[in-house]
Amino acid sequence: IKGWSPFTFFIFSFKENFERIGISLHAAYQLTQKLDAAVVFSHWDRSSNIPGHNYTDDNISLQWNYRF
């Protein structure tokens, strides 16, 4: 994803140009007829033309789904 956003520091305004790329992996398992579980991993890299606005983000989530 490429984009831009306005950035203001005190009275100065800048145009921030950034690029973000990521990947997500999902694995699920059915435990019973009504209950399943999943684990999701995602990784994001963001680069910016403004110093200090680059970051890497890793997330892991566990999901439980129950059908009534």
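Patches are made of residues with over 30% relative accessible area and no salt bridge, where like charges are joined within 9 Å and nonpolar side chains (Val, Leu, Ile, Met, Phe, Trp, Tyr) within 5 Å. Keep that in mind for later. This is a predicted model, in which local features need pLDDT of at least 70, side-chain atom pairs count only at pLDDT 80 or more, and totals for chains, interfaces and linings use all residues. Residues are numbered from 1 along each chain as its sequence is written, and side-chain values use heavy atoms, with hydrogens and water left out.

Start with the sheet. Four strands form an open sheet in the order S1-S2-S3-S4, with antiparallel pairing. Strands are DSSP runs (E, at least two residues), numbered from the N terminus. Two strands pair if DSSP finds at least two bridges between them. Strand S1 (2-9) and S4 stand at the edges with a single partner strand each, so one side of each has no neighbour in the sheet. On average, neighbouring strands are turned by 30° against each other, direction ignored. Here axes are lines fitted to C-alpha atoms, and angles run from 0 to 180 degrees between N-to-C directions.

Now look at S3 and S4. They pair in the antiparallel sense over 12 bridges. Arg46 has Tyr55 in S4 as its bridge partner.

Arg46 also takes part in a salt bridge. Its side chain meets that of Glu16 at 3.1 Å, N to O. A salt bridge is a side-chain nitrogen of Lys or Arg within 4 Å of a carboxyl oxygen of Asp or Glu. Glu16 sits in strand S2 (residues 12-30) and Arg46 in strand S3 (residues 35-48), 30 residues apart. Glu16 is buried at 4% relative accessibility. Arg46 is buried too, at 14%. Buried means under 20% relative accessible area, exposed over 50%, and partly exposed in between (1.4 Å probe, protein chains only).

The whole structure holds two salt bridges. Asp36 and Arg67 form one of them, at 2.7 Å, N to O. Asp36 lies in strand S3 and Arg67 in the segment after strand S4 (55-66), so the pair ties together parts 31 residues apart in sequence. Asp36 is buried at 16%, whereas Arg67 is partly exposed at 36%.

Finally, the surface. Ile23, Leu25, Tyr29, Leu31, Val39, Phe41, Ile60, Leu62 and Trp64 make a nonpolar patch of about 1000 Å². Accessible areas come from the Shrake-Rupley method with a 1.4 Å probe; for residues, only the protein chains shown count as cover. S2, S3 and S4 each supply at least two residues of the patch. Ile60 lies in strand S4. Ile60 is exposed, with a relative accessible area of 65%.
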